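Please look through the sequence and the model below before reading on. The report that follows takes the sheets and then a helix with its neighbours.

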Amino acid sequence: MRETDGDEAPGLALDALQATMLEEFRGLRKTLRKQAQAVEAVRDRLDRAPEPRRNEENGEELMRLAAAFFHLDQALLEVTACSPRRQQAVALVWLQLDQLLDRNGVRMIREPGAAFDPRLHRAVLARTPEARDSVVTEMLEPGFMVDGAVRQPARVVLGPAREHEPEALPESGAEKPAEEQP
């Protein structure tokens with residue numbers, strides 16, 4: 001009879017051990033679910049962190065700075081004949097400003113001579129009746145794209161392509177000889 005009792009005791013102990021392990025496993029599984037939910041909540045909070053708002057505010061500030069420099073550059077071109085050194089200095093500032101804008105996902109729309117694109121440009125004045133042949137002959141206000149989407153279209157004057165004389169762009173002024181620049 002003792003042999004039978006001995007045989008049954010290990011079976012009962014094994015069943016009890018399995019039951020205990022099953023309970024511990026269920027507890028661990030429940031804890032892991034809670035941990036996964038906590039990790040997901042932290043990820044959601046990080047996704048909604050103030051950093052994107054700060055970057056958006058930086059982009060707005062950079063667009064205002066770029067627009068101000070655009071108008072300063074235009075005023076300098078109208079008022080004075082710029083020396084090659086001044087042209088080079090302005091071109092270097094444009095280069096730095098364009099790189100800063102690019103790092104913040106902002107692109108400035110300021111290309112005179114470009115074909116008119118209603119997504120990028122808002123025509124203030126058209127000097128030609130046929131819009132399909134028009135190019136941007138004058139840039140009144142720069143436009144901006146943020147992360148590939150047009151935030152503000154450039155305000156432009158349109159004219160026929162044959163009337164437009166290529167101008168040296170401030171961003172490429174350092175690469176062109178001084179006699180080509182206005």
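## The mixed sheet

Three strands form an open sheet with mixed pairing, in the order 2-6-3, where strands are DSSP runs of E with at least two residues and helices are runs of H or I with at least four, both numbered from the N terminus, and where two strands pair if DSSP finds at least two bridges between them. Strand 2 and strand 3 stand at the edges with a single partner strand each, so one side of each is left without a neighbour in the sheet. From one strand to the next the twist averages 40 degrees, an angle taken between the N-to-C directions of axes, which are lines fitted to C-alpha atoms, on a scale from 0 to 180 degrees. The model is a predicted one, in which local features need pLDDT of at least 70 and side-chain atom pairs count only at pLDDT 80 or more, while totals for chains, interfaces and linings use all residues. Residues are numbered from 1 along each chain as its sequence is written, and side-chain values use heavy atoms, with hydrogens and water left out.

Strand 2 (residues 121-126) pairs with strand 6 in the parallel sense over five bridges, and arginine 122 has arginine 155 in strand 6 as its bridge partner. Strand 3 (residues 134-141) runs antiparallel to strand 6 and is joined to it by six bridges; here valine 135 stands opposite glycine 159, and valine 136 stands opposite leucine 158. Six of the seven residues of strand 6 (residues 154-160) are buried (under 20% relative accessible area, with a 1.4 Å probe and protein chains only), so strand 6 is largely enclosed by the rest of the structure.

Another open sheet has three strands in the order 1-4-5, with antiparallel pairing. Its edge strands are strand 1 (106-109) and strand 5 (149-152), each of which pairs on one side only. Neighbouring strands of this sheet are turned against each other by 35 degrees on average, direction ignored.

Strand 1 and strand 4 (residues 143-146) are paired in the antiparallel sense over four bridges, and valine 106 stands opposite valine 146 in strand 4.

## Helix 3 and its two sides

Helix 3 has 20 residues, which at 1.5 Å a residue should span 28 Å, and its end C-alpha atoms are 29 Å apart, which agrees; the expected span is 1.5 Å times one less than the number of residues. Its buried residues are Gln87, Val90, Ala91, Trp94, Leu97 and Leu101. Seen down the helix axis, these fall within an arc of 130 degrees, so they line one face of helix 3; the arc is that of the directions from the axis to the C-beta atoms.

On the other side of helix 3, Arg85, Gln96 and Arg103 are exposed (over 50% relative accessible area). Helix 3 is followed by glycine 105, whose phi is positive, near 75 degrees.

## Around tryptophan 94

How many aromatic pairs does a search of the whole structure find? The search finds one, where rings of Phe, Tyr and Trp (its six-membered ring) pair if their centres lie within 6.5 Å. The rings of phenylalanine 69 and tryptophan 94 have centres 4.8 Å apart and planes at 70 degrees, so the pair is edge-to-face, a class for planes over 60 degrees apart, whereas planes under 30 count as stacked and the rest as tilted. This pair links distant parts of the chain, since phenylalanine 69 lies in helix 2 (residues 51-79) and tryptophan 94 in helix 3 (residues 84-103), 25 residues apart.

Both phenylalanine 69 and tryptophan 94 are buried. The charged end of arginine 110 sits over the ring of tryptophan 94, 3.7 Å from its centre, a label that applies if NZ of Lys or CZ of Arg is within 6 Å of the ring centre and within 35 degrees of the ring normal.
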